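I opened this structure for a first look and kept short notes. The entries follow in the order in which I made them.

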Amino acid sequence: MSESVQAIPPFAEAPAAFSYSQALRPTVGEWIRHSLLFVITAGSTTFAGIFVAAPNLDTSLPEPSTLLGYLLYIPQYYSQTVVNYLSFAILNPHVLEQGLIFSVSLLTILLSHEMGHYIACRRYGVSATLPFFIPAPPMFIAGTFGAFIKIRSPIPTRRALFDIGLAGPLAGFIALLPIAVMGIVSLQPGPALLDHSITFNDPLLFRLLGRAFHLRLEDTAPNPYYMAAWIGLLVTSLNLMPVGQLDGGHGTFALFGAHAHRWIGRIAFVLMAVIAVLGWFWHGSPSGFLYTVLLAIMLKVRHPQPQSMEPLGNKRILISLLTLIVFALSFWPFPITIS
């Protein structure tokens with residue numbers, strides 16, 4: 001998945017902290033706008049599920065004979081392919097069902113993630129938008145570029161920063177677990193490839209579940225539950241990287257302060273750059289470079305200072321260790337192999 005990843009954008013500066021009663025509530029217009037984006041994303045993710053579930057469909061177009069024909073060939077081929085897959089899904093309801101299962105599963109994970117952030121914001125009286133869902137063009141493998149909320153007032157305390165930052169990935173992971181189990185237990189024998197060229201390498205959670213259910217994952221074909229959980233784990237691991245204003249960056253800042261946050265982010269960036277090069281040579285995958293570019297951008301974004309840096313307490317230290325385990329279960333250095 002191209003990480004149009006869910007990360008909380010920069011916080012707005014303001015002279016005083018907001019109380020819960022002052023936090024802005026969504027207007028009718030905002031509900032309409034965010035709901036419309038959600039519905040469009042539901043459609044794009046459903047098509048993504050159809051594209052993965054359907055067999056390869058041949059799209060044949062006449063050979064272009066003019067310059068204009070050559071210029072129009074790619075958009076015509078693309079649009080005709082989209083029409084072919086939609087027609088196939090309408091004529092084959094089981095493929096449409098697979099698309100809907102993928103869409104509902106993935107959106108459940110993303111919505112849980114975003115609502116974890118949103119509810120934590122409301123708890124601390126921090127003004128935040130409803131989740132923005134970003135649809136992707138047809139045939140993009142995830143059907144979405146992710147989702148995010150925008151925080152519109154300062155983070156008042158260190159504990160608030162910690163809770164708001166980590167509530168999202170933890171809530172998303174909890175929602176992901178039953179979907180991952182469904183994906184593993186419903187695997188069927190078949191090639192673990194998309195178009196016989198892309199292999200989705202299993203993160204640690206999948207490997208542990210496969211061992212628990214006595215399954216050889218390399219001998220099975222992905223299903224919509226599996227794919228939704230696989231993408232959800234990928235997004236979770238990227239968000240938990242301790243860089244900038246990613247969720248893991250918020251947690252790192254709250255735990256260790258600004259100076260350590262800056263250096264931990266730089267180290268994570270260098271390690272990801274090394275992994276990107278190794279992934280290219282060992283697995284033929286350019287995805288690591290996309291993550292490296294994202295982390296480089298996040299390093300350039302200044303992280304705001306909470307208004308109070310009170311001690312986090314033992315409970316949050318334990319939550320940080322739990323979050324580290326979630327990252328380990330979600331992260332795999334080479335998620336895709338292209339042959």
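**Entry 1: Ser-320**

I looked up Ser-320 and found it in contact (heavy atoms within 4.5 Å) with Phe-162 and Leu-255, leaving aside its neighbours within four places in sequence. The model is a predicted one, in which local features need pLDDT of at least 70 and side-chain atom pairs count only at pLDDT 80 or more, while totals for chains, interfaces and linings use all residues. Residues are numbered from 1 along each chain as its sequence is written, and side-chain values use heavy atoms, with hydrogens and water left out.

Ser-320 sits in helix α10 (residues 314-330). Helices (H or I, at least four residues) and strands (E, at least two) are DSSP runs, numbered from the N terminus. I noted that the side chain of Ser-320 reaches the backbone oxygen of Ile-317 at 2.4 Å. Is Ser-320 buried or exposed? Ser-320 has a relative accessible area of 14%, so it is buried. The classes are buried (under 20% relative accessible area), exposed (over 50%) and partly exposed in between, with a 1.4 Å probe and protein chains only.

**Entry 2: the cores**

I turned to the nonpolar cores, each a set of buried Ala, Val, Leu, Ile, Met, Phe, Trp, Tyr and Cys residues joined through side-chain atoms within 4.5 Å. The largest has 67 residues, and Ile-164, Leu-205, Phe-206, Tyr-226 and Trp-230 touch the most other members. Helix α4 (residues 158-185) gives the most to this core, with eleven residues. Apart from it lies another core of eight residues, including Phe-47, Phe-51, Ala-54 and Val-95.

I then listed what Trp-230 touches: Phe-200, Asn-201, Pro-203, Phe-206, Pro-335 and Ile-336, not counting residues up to four places away in sequence.

**Entry 3: helix α1**

I checked the length of helix α1 (residues 28-53). At 1.5 Å a residue, its 26 residues should span 38 Å, and the end C-alpha atoms are 37 Å apart, which agrees. The expected span is 1.5 Å times one less than the number of residues. Among the buried residues of α1 are Glu-30, His-34, Phe-47 and Phe-51.

**Entry 4: positive phi**

Most residues other than glycine have a negative phi. I found a positive value at Met-139, near 80 degrees. Met-139 lies in the loop between β1 (132-135) and β2 (144-148), and is partly exposed, at 23% relative accessible area.

His-214 also has a positive phi, near 55 degrees. I placed His-214 in the loop between α5 (204-212) and β6 (220-221). With a relative accessible area of 75%, His-214 is exposed.

Notes. A polar contact is a pair of N or O atoms within 3.5 Å; within protein, one must be able to donate a hydrogen and the other to accept it, and residues adjacent in sequence count only if both atoms are side-chain atoms.
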